[in-house]
Amino acid sequence: CYRQYFFPTQMTKKFGHRLAIMIGAAVVALTLAACVLPLTVPVRDNSPDEAANRYFSTLFAEHGVLWFYEPLNFIAHGAVHPRSMRLEGDFIVPVGFIGLPVLWGLLERAVGTASGAYLTPFFAALAVLAFGDAIAVFLGRRAGVFATVLLAVQPVWWYWSSRTFMPNVPFLCFLIFAFWFAASRPMSRIKSGWALFPLLDDAFAGASLAVALAIRAS
């Protein structure tokens with residue numbers, strides 16, 4: 001989509017097309033690379049927060065709740081609970097923000113619980129493209145291409161994408177989506193006879209911002 005701006009002459013259109021394909025292939029390759037850990041090794045969560053988000057996402061996908069009962073607390077007087085969880089009454093609930101387990105749980109319910117480990121890399125790849133397109137609105141298409149490439153080769157971005165139940169990258173992804181819908185207004189580019197169709201950009205921007213805040217409000 002960048003080639004008509006980045007390579008305006010006839011002689012360079014083919015090269016621009018190839019560059020677009022190369023960027024797309026690189027994003028796909030990096031997404032797969034970010035999935036190496038969940039694809040090739042047993043579940044090994046990096047922190048109590050990640051373990052809690054994984055557990056409650058699956059719990060919400062399968063049962064629609066964000067709590068469970070631990071019978072040992074009947075004799076331990078509420079002393080038994082994992083880290084990143086706490087006891088409320090007779091039930092153990094998550095300590096952190098519930099946006100990630102709720103959202104990932106809903107998607108796992110729709111697609112399958114095995115999909116949870118790959119949701120963060122998937123949204124990370126989409127955010128790379130959305131980031132470049134949004135930057136292009138302010139600084140031009142060339143800057144948009146370079147922004148896409150720079151984020152696509154950022155190792156920290158993909159490391160935290162591989163920690164699939166940590167909130168860092170999902171929060172930034174939906175923040176980027178909100179910025180993209182507000183700045184680039186992709187829905188307004190679609191030809192439609194529905195008068196309210198352009199307002200979808202504002203609606204999606206607001207929804208993306210709300211999801212970002214729900215995932216990590218602090």
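**Charged pairs, loops and a helix**

Me: What is the relative accessibility of Arg 86?
Reply: Arg 86 comes out at 41%, which counts as partly exposed (buried is under 20% relative accessible area, exposed over 50%, partly exposed in between, with a 1.4 Å probe and protein chains only). Bear in mind that this is a predicted model: local features need pLDDT of at least 70, side-chain atom pairs count only at pLDDT 80 or more, and totals for chains, interfaces and linings use all residues. Residues are numbered from 1 along each chain as its sequence is written, and side-chain values use heavy atoms, leaving out hydrogens and water.

Me: OK, which residue does Arg 86 pair with?
Reply: Glu 88, in a salt bridge whose closest N and O atoms are 3.1 Å apart. The term means a side-chain nitrogen of Lys or Arg within 4 Å of a carboxyl oxygen of Asp or Glu. Glu 88 is partly exposed too, at 41%.

Me: How many salt bridges does the structure hold?
Reply: Four. One of them joins Arg 141 and Asp 133, at 2.7 Å from N to O. Here Arg 141 is buried at 19%, and Asp 133 is buried at 7%.

Me: And what does Asp 202 bridge to?
Reply: Arg 185, with 3.1 Å between the closest N and O atoms. That pair links distant parts of the chain, 17 residues apart: Asp 202 sits in helix α11 and Arg 185 in the loop between α10 and α11. Asp 202 is partly exposed at 41%, and Arg 185 is partly exposed at 27%.

Me: What about the phi of Arg 185?
Reply: Positive, near 50°, in a residue that isn't glycine. Ser 84 also has a positive phi, about 70°, without being a glycine. Ser 84 lies in the loop between α5 (73-76) and β2 (85-88) and is buried at 17%.

Me: Switching topic. How many helices and strands does the chain have?
Reply: It has 11 helices and three strands, taken as DSSP runs numbered from the N terminus (H or I, at least four residues, for helices; E, at least two, for strands). Of its 218 residues, 38% are buried.

Me: Tell me about α6. What does its buried side pack against?
Reply: The buried residues of α6 pack against α4 (48-63), α7 (116-139), α10 and α11, where contact means heavy atoms within 4.5 Å. Among those buried residues are Trp 104, Gly 105 and Glu 108. Helix α6 covers residues 99-111 and reaches 18 Å from first to last C-alpha, close to the 18 Å expected (1.5 Å times one less than the number of residues). Just after α6, Gly 112 takes a positive phi of about 130°.

Me: Which residues form the nonpolar patch on the surface?
Reply: Trp 67, Tyr 69, Leu 72, Phe 74, Ile 75 and Phe 91, with about 690 Å² of accessible area together, by the Shrake-Rupley method with a 1.4 Å probe, only the protein chains shown counting as cover. A patch takes residues with over 30% relative accessible area and no salt bridge, joining nonpolar side chains (Val, Leu, Ile, Met, Phe, Trp, Tyr) within 5 Å and like charges within 9 Å. Phe 74, in helix α5, is exposed at 68%.

Me: Last one: where is Ser 162, and what is its relative accessible area?
Reply: Ser 162 is in helix α9 (residues 155-162) and is buried, at 10%. A polar atom of its side chain lies 2.5 Å from the backbone oxygen of Tyr 159.

Terms used
Polar contact = N/O pair within 3.5 Å; in protein donor to acceptor, adjacent residues only side chain to side chain.
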